[in-house]
Each structure stands twice: as C-alpha cells, then as structure tokens.
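Q: Please take a close look at the interface for me. Start with some background on a single chain, then stay with whichever part matters there.

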Number of protein chains: 2
Amino acid sequence: MKTVVLKFGGTSVGSIDRIKKVCKIIAFYKKKKNRIVVVSSAMSGVTNELVNKSKLISNNFDRAEYDAIVSTGEQVSCALIAGRLKHIGFKSRSWTSWQLPILTDGPHSSARISFVGIKELSKYIKSGGIPIITGFQGISNDFRITTIGRSGSDATAIMLAKFIKADECIIYTDVDGVYTTDPKQYNKAKKIKKIFYDEMLEMASLGSKVMQPTSVQDAKLNKIDIKVQSSFVSKSGTLITGTKKTFSNQIITGISSTKNDAKITIIGVKDRPGVAASIFRPLSKNLINVDMVVQNISQNGKETDLTFTIKSEDLKKTEKLIKKNKSISYKKLSFDKDLSKVSIIGVGMITTPGITYRMFQALASKKINILVISTSEIKISVLISSKSVKKAIAVLHKEFKLD
Amino acid sequence: MKTVVLKFGGTSVGSIDRIKKVCKIIAFYKKKKNRIVVVSSAMSGVTNELVNKSKLISNNFDRAEYDAIVSTGEQVSCALIAGRLKHIGFKSRSWTSWQLPILTDGPHSSARISFVGIKELSKYIKSGGIPIITGFQGISNDFRITTIGRSGSDATAIMLAKFIKADECIIYTDVDGVYTTDPKQYNKAKKIKKIFYDEMLEMASLGSKVMQPTSVQDAKLNKIDIKVQSSFVSKSGTLITGTKKTFSNQIITGISSTKNDAKITIIGVKDRPGVAASIFRPLSKNLINVDMVVQNISQNGKETDLTFTIKSEDLKKTEKLIKKNKSISYKKLSFDKDLSKVSIIGVGMITTPGITYRMFQALASKKINILVISTSEIKISVLISSKSVKKAIAVLHKEFKLD
C-alpha cells in the first residue's frame with residue numbers, strides 16, 4: 001500500500017466545480033488502495049481579495065495580522081474538499097496547521113516549515129480517512145499563524161511527504177508539466193518527462209513558473225520524487241527526481257528566458273579590494289536584485305570594467321545610486337535596456353565538452369549578438385537583445401535536439 | 001481603571017470604512033484609560049457567502065467542516081481591526097478561539113462556551129494592549145473549531161466579560177437600543193433606557209432582533225450588565241440589567257408582535273392521560289415549532305378541545321400529521337391563518353393587579369377579537385387577526401403610557 005501526497009494549487013480548486021473535479025481525482029487515487037494525504041491552496045482569487053482588504057486598512061499592514069488573514073483561504077478550501085469527499089461517500093476531514101501542528105521558523109509571511117506533527121494524521125490515514133491539510137501556513141513558537149510565501153503550498157506538500165514518509169508527492173497545478181522551453185515563445189517546446197532537481201532549480205529561478213525553487217530544494221534535500229501534473233487535463237506530467245537511472249542521455253534538458261533585463265557597465269573603475277562590494281551595497285539596501293555580474297580583468301592592475309544586469313524598472317534608481325556613491329570612482333557609465341537572458345540547462349553538460357561552443361555557434365549562425373555570458377556547472381546563460389529571444393530559443397532548441 | 005468588553009456586530013464592521021470607524025470608537029474608550037477587550041463578528045455578508053459555498057458543495061454539508069469554513073470570517077475581521085489599530089498607533093493584536101483558548105461543549109454549529117482562557121489575555125491588557133477576539137466560535141474537546149450559532153458573537157462577549165471580570169459589556173450593533181415596540185409598526189415607539197434581563201428575554205423570543213435570548217440568559221446568570229448601542233449614531237443605548245434600583249415604576253416595558261401565525265383547534269378529542277403528548281410527538285419529530293397551547297377543561301370528563309399555534313408555513317404539514325396520527329381520535333379539526341401574537345411585557349405586572357383586564361378592555365375598545373390568551377408572570381400574549389396588529393399596538397402603547 002502506497003502513501004501518496006496530493007497537492008492542489010489555487011486554480012485547481014478555483015471554483016465549486018473545480019473542487020468537485022478535484023475530489024474525483026482524489027477518489028481515483030483512493031480507490032487504487034492508496035493511503036492519501038491532500039494539501040490544498042486557497043481558491044484562486046481569494047488570497048488576492050484578502051490581501052487587498054489589508055492594503056485598504058493600512059499601507060504598512062502588520063505582518064502577523066496579514067498571516068492571520070490570508071491563511072483563512074486554505075481553511076475554507078480544505079473544508080470544502082473534505083465536505084465534498086464526505087458527500088460522495090469517503091471518510092474525510094480538514095486539518096489546519098495548528099491542529100496537526102505544522103511548526104515554522106522565521107519571520108511572518110516568509111516562514112519555513114520546521115516540523116510536521118503526524119501522530120493523529122497517521123492514525124487517520126491508516127483508518128482509511130482522507131485528511132485535507134491547509135497548505136502555505138504553519139504556526140510560530142508563540143502560537144501565532146505564519147505563512148510561508150505566496151506559493152508555499154508546494155513546500156507544505158513536500159514537508160508532509162517527508163514527515164509521513166510518503167512514496168509519492170504529486171503536485172496538481174494549471175500546467176501539465178515542465179517544458180523544454182516556454183511553449184508561448186516556441187511552439188515546438190516539448191514536455192519533459194523527467195528532470196533532475198538541480199536542473200529544475202535552474203529552470204525555476206529563470207522563470208519557469210511551475211514550482212518555487214525553495215520547494216524543489218526541499219524535495220532534493222529530503223529525496224522526495226515530485227510529479228507535476230495538470231488537474232485540468234489527464235495527461236502524464238513531469239517527474240522531478242534525483243534518481244539517475246532511467247534518464248535518457250539528453251545533454252540539455254530545457255531552455256529558459258527572461259524579459260525586461262537591463263545592463264549597466266561601469267567603465268574605468270579604480271580597482272581596489274572591496275570595490276565590488278562598495279558598488280553593490282547600496283543596491284542591495286534598496287532591494288534592487290542584481291542578476292549576472294561580469295568583471296573584466298584589470299589590464300594595468302589599476303582600472304577595471306564592471307558589467308551587471310538588473311530588471312529594467314530598477315534602471316533609473318540604480319543609475320542614481322551609483323552616481324551619488326562617493327566610495328567609488330570611475331570614468332563612464334553605460335546602459336542598455338530591452339535585453340533578455342537565455343539559458344540552456346542540463347546536467348548532461350558536466351560530462352559533455354563543447355556545449356558552450358555549440359551554443360555560441362548556433363546563436364552566431366542567426367547573427368545574434370551576445371552581450372554578457374555567465375556559466376554554472378549545469379547552465380549557460382547569455383544576455384541578448386529581447387528582439388532576438390524567439391529566434392535564439394528556436395535555434396538552440398533545434399541544436400540540442402529538443403524539437 | 002475599568003475593564004470594558006466592546007462587541008461589534010457584522011454590519012458595524014461591514015466595510016473597510018466601517019472598520020476604520022469602529023477603531024475610532026475603540027480608541028475613544030482606550031483614551032479614557034480603560035482596559036479594553038474587543039470581540040468582533042465577521043464583516044456582514046461574508047458569512048452568508050461562505051455558507052453558500054458549502055451549500056453548493058453538498059445539500060447536507062458536514063457540520064464540523066461548516067464550522068471550519070464560517071469561523072474564518074471573524075479571523076479576517078479581527079485581524080483587520082488589529083491591523084488598523086496598530087496603524088493609528090495603538091498596541092493591538094488579534095486572537096482566535098484556539099489561541100486563547102475558548103472551549104465549547106455541545107454539537108458543531110450550536111456549541112456553547114464553557115471556558116475562556118484569560119492568562120495571556122490579562123497580561124496583554126495590563127500591558128496596555130487591545131486584544132481583538134474572534135466572536136461566535138470556540139474549539140471542542142478534540143480540538144476542532146466549533147461555532148455557537150449565527151448571532152453567537154454576543155455570547156462570546158458576555159462569556160469574556162464573565163471570565164475577565166469586566167466592569168462593562170457594550171454590544172455595538174446596527175440598532176441604537178431596545179424599543180417599547182417595533183418602530184416600523186408604531187411611530188410613537190420609544191427607546192427603553194433600562195430593561196430587566198427577564199423582560200428582555202421575553203422581548204427577544206417574541207421577535208425583537210436586538211439580542212439572542214441565550215446571550216441575555218448568559219448575562220443574567222453571570223450578572224453582567226449589557227449596554228446595547230449603535231456604532232452608526234452616537235446616541236445612548238439601552239442598558240440590560242438585573243439591578244432593581246434606578247428603575248422607573250413603569251408597569252409595562254414593551255410590546256412585541258409576531259407575524260404569520262396559524263391556529264389549529266382539535267375539537268372533541270377523547271381525553272386520556274398522555275393525549276397531548278400523542279398529538280405533539282409527531283410535530284416535534286418533524287421540527288414543527290408549537291407556540292401557544294390552550295386546552296379547555298373537558299366538560300364531561302371524556303372529551304376536550306385543544307388549540308395551539310404554529311407558523312403558517314407549517315400548517316399543511318401539521319394537518320397531514322394530525323390526520324394520519326392513529327393514536328388520537330377526535331370529532332373535527334379547525335384552522336385559522338393570518339394571525340399574530342401581540343404581547344405586553346413588564347416585571348411591573350407581577351405586583352400590579354388588573355393588567356390583564358386593562359389589556360382586554362383596551363383591545364375591546366377597538367373591537368379587536370381575541371382568539372387565544374396565554375400568560376406568564378411578566379408577559380400577557382393574545383392571538384389576534386394580523387389585520388389588527390397595528391391598531392392593537394397603538395392602543396396598548398397608549399394604555400400603558402409608553403407613548
């Protein structure tokens with residue numbers, strides 16, 4: 001008998017009809033003689049509505065009260081699911097995070113789950129019951145409600161899978177899996193059947209909205225295989241795993257791209273130890289996210305050119321901060337907007353030489369100019385003009401046999 | 001330094017603007033150097049919306065899940081109030097019933113509060129904080145959320161006042177007090193400044209929508225004075241108390257009336273011990289509420305006439321149930337619809353003779369026919385044609401000097 005954790009996202013339970021559909025999916029797994037634990041998000045739209053109310057009350061709404069408010073969304077959706085399952089003849093009940101309990105560390109609105117109490121839960125699933133557990137939340141040491149970030153129900157599912165020692169964790173969402181690249185950008189994009197945690201981490205942080213990186217990281221740390229699947233269409237989804245066997249010898253698993261990047265180059269910076277820190281400290285303080293950073297080796301040992309990318313909307317603020325930064329001296333500033341980062345990702349590149357060359361060659365064949373390059377062990381990213389993104393994805397998709 | 005419990009009903013916190021207004025009322029009491037405990041209902045409309053969702057899921061929705069759903073309304077309104085109070089410079093936080101805790105006995109959706117934990121709460125109010133507590137709910141012995149009936153926030157306020165030993169309990173609502181009779185029925189209706197618990201109990205059960213009878217009963221048992229006041233207009237409200245002094249020597253405190261009553265008379269019932277029980281058992285089983293009951297003394301010791309009133313909508317069902325009741329035999333059934341019960345209420349009638357006569361005389365002077373009479377120590381009710389209700393209220397209001 002397998003223990004399966006099923007997680008449903010906001011759009012999956014977005015209406016009464018959707019909740020009825022979700023209960024049919026749960027019933028399907030239950031009838032296969034599995035032990036089932038369900039985690040649900042709030043019905044889509046509900047959380048935003050609650051957030052708006054808090055904003056109308058105060059432009060600096062207290063975080064603890066915020067958590068008390070938004071956590072109610074899951075309490076409602078879970079009770080509706082349990083009520084529906086009872087209606088169609090199953091034993092089911094909802095569980096809030098204080099009832100289990102799900103304990104968290106860290107600040108309100110961005111806490112992390114540290115412990116899941118499973119004593120009562122285990123007894124309940126052994127007796128054939130289907131527990132429905134509120135995602136995205138827990139309680140703090142002083143018994144107040146915390147939330148774990150907007151997409152935190154995935155994390156709840158994975159931590160539950162860990163503590164209950166589940167055999168499977170299936171994330172039902174509004175996409176039917178992870179694709180080789182964004183299907184909106186390139187119509188030959190293919191669904192990935194299996195992907196490694198690390199690859200998924202690179203995909204996630206680069207814009208694939210399927211799963212939050214922290215949840216993938218949790219799954220990796222706890223060696224929990226995740227299946228991402230659509231609750232709207234019954235197609236097989238994507239397995240996110242660390243298990244090596246049964247993988248094809250594909251070198252590149254996927255291609256991701258960003259939008260609205262901007263590039264700043266500081267030319268002729270007086271080079272001295274700590275100069276990079278001096279440049280980035282005020283940006284960090286102002287919550288400006290710096291992505292790619294490239295520093296040329298100083299030619300004469302006295303001056304250097306530093307290039308980095310940020311989001312376009314932060315460009316003006318960044319320019320101001322650099323100009324009023326008294327702790328650095330430089331010759332010139334140059335800016336570039338309407339840029340995009342295109343990345344190829346795959347654990348296969350660790351053991352396969354020549355991938356970088358093949359990427360650059362493919363882009364060159366389409367006369368796509370590369371502005372910045374940055375590499376990790378399983379990822380190569382290039383900064384190019386946003387105009388060329390579609391073309392770049394197409395040529396790379398073909399080059400690495402993803403079509 | 002006084003400890004004051006302030007309770008706000010659904011319409012009082014019915015919008016973001018209303019919540020801001022309510023926070024000004026709370027601030028007013030706080031600035032007077034009181035210790036404040038606030039109890040709030042859900043924003044009006046919210047509970048109904050949640051109930052509708054549960055109905056769409058199942059026409060027989062599980063009561064425990066129902067409680068989990070509807071209890072979220074108060075969690076949101078309380079956190080919004082606490083957030084607003086913090087915004088305007090006060091120390092405040094929300095408290096749910098599991099955090100305090102508020103323990104309850106009895107079934108889901110109609111539980112009763114048995115205990116309120118005040119240890120943390122007392123410390124908090126002594127430190128100058130304003131706790132905002134979810135009304136209408138508690139937790140059961142097995143740590144599940146319970147609710148205490150649709151208007152149960154009043155009960156929460158009264159039990160909190162009891163456990164925290166409050167000096168005052170002020171119920172803010174959308175009416176500005178208890179009136180001598182329904183102002184919609186009679187424009188000379190006057191606000192009652194002070195009313196006894198028992199009088200209020202008779203008023204409440206007869207249709208005055210100001211407070212639930214169980215809450216008045218709780219206040220009476222725990223000797224807690226209640227002030228009912230409007231959060232919309234700043235006028236003095238009504239004090240509900242058990243204290244004798246400072247009362248005027250008014251004999252009648254108020255006049256209430258019902259709508260849509262129906263009367264059934266069973267003529268020539270074979271009289272034997274237990275016959276009344278035989279008649280009412282099937283009605284009770286079918287949740288038909290019997291109000292007034294009058295049985296004539298059997299003339300020959302063998303037969304009797306039994307008259308009782310029910311709501312008009314139950315008339316057909318009641319007729320059917322009596323006709324198929326094999327355990328009774330009778331000569332004839334007679335029915336009457338479109339009737340109303342008009343009652344005069346006042347503890348003063350205990351010590352003042354002749355009230356019954358004055359009531360009947362006043363009604364006779366307007367040619368109003370009395371169909372059934374029923375009396376208690378502090379109330380006299382008569383059943384009359386609904387057409388005559390306005391006339392009856394007017395003549396009685398004048399007769400007992402309430403104008």
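A: Background first: of the 403 residues of chain A, 45% count as buried. Buried here takes 20 or more other C-beta atoms within 10 Å of a residue's own, exposed takes 12 or fewer, and partly exposed is in between, with C-beta atoms placed from the backbone. Bear in mind that this is a predicted model, where local features need pLDDT of at least 70, side-chain atom pairs count only at pLDDT 80 or more, and totals for chains, interfaces and linings use all residues. As for labels, residues are numbered from 1 along each chain as its sequence is written, while chains are lettered from A and ligands numbered from 1 in the order in which they are written.

On confidence, chain A has a mean pLDDT of 90, with 96% of its residues at 70 or more; pLDDT is the predictor's confidence in each residue, from 0 to 100. For the complex, the predictor gives an ipTM of 0.80 and a pTM of 0.81.

Chain A contains twelve helices and 19 strands, these being DSSP runs numbered from the N terminus (helices are H or I, at least four residues; strands are E, at least two). With a radius of gyration of 24 Å, close to the 22 Å that the globule rule gives for 403 residues, chain A is as compact as a globular protein of that length. That radius is taken over C-alpha atoms, and the rule is 2.2 Å times the number of residues to the power 0.38. Along the principal axes, the C-alpha atoms of chain A fill a box of roughly 75 × 50 × 35 Å.

Now the interface. On the chain B side, 29 residues are in contact with 29 residues of chain A. Helices H1 (16-31), H2 (46-57), H3 (63-70) and H4 (72-87) and strand S3 (92-95) of chain B each supply at least two residues of the side that touches chain A. H4(B) gives the most, ten residues. By type, the residues of that side of chain B are 15 nonpolar, eight polar and six charged. Contact means that two C-beta atoms, placed from the backbone, lie within 7 Å. Nonpolar covers Ala, Val, Leu, Ile, Met, Phe, Trp, Tyr, Cys and Pro, charged covers Asp, Glu, Lys and Arg, and the others, Gly among them, are polar.

How are the chains related? A rotation of 179° with 0.0 Å of shift along its axis superposes chain B on chain A, at an RMSD of 0.1 Å. That's the relation of a two-fold axis. Among the residues of chain B, Thr72(B) comes closest to the rotation axis, its C-alpha at 2.8 Å. And 100% of the interface residues of chain B are also interface residues in chain A, so the copies meet through the same surface.

Back to H4(B), which is mostly covered, with 15 of its 16 residues buried. H4(B) reaches 23 Å from its first C-alpha to its last, close to the 22 Å expected at 1.5 Å a residue, the expected span being 1.5 Å times one less than the number of residues. Just after H4(B), Gly89(B) takes a positive phi of about 100°.

Technical notes:
Least-squares fit on C-alpha atoms with pLDDT ≥ 70 in both.
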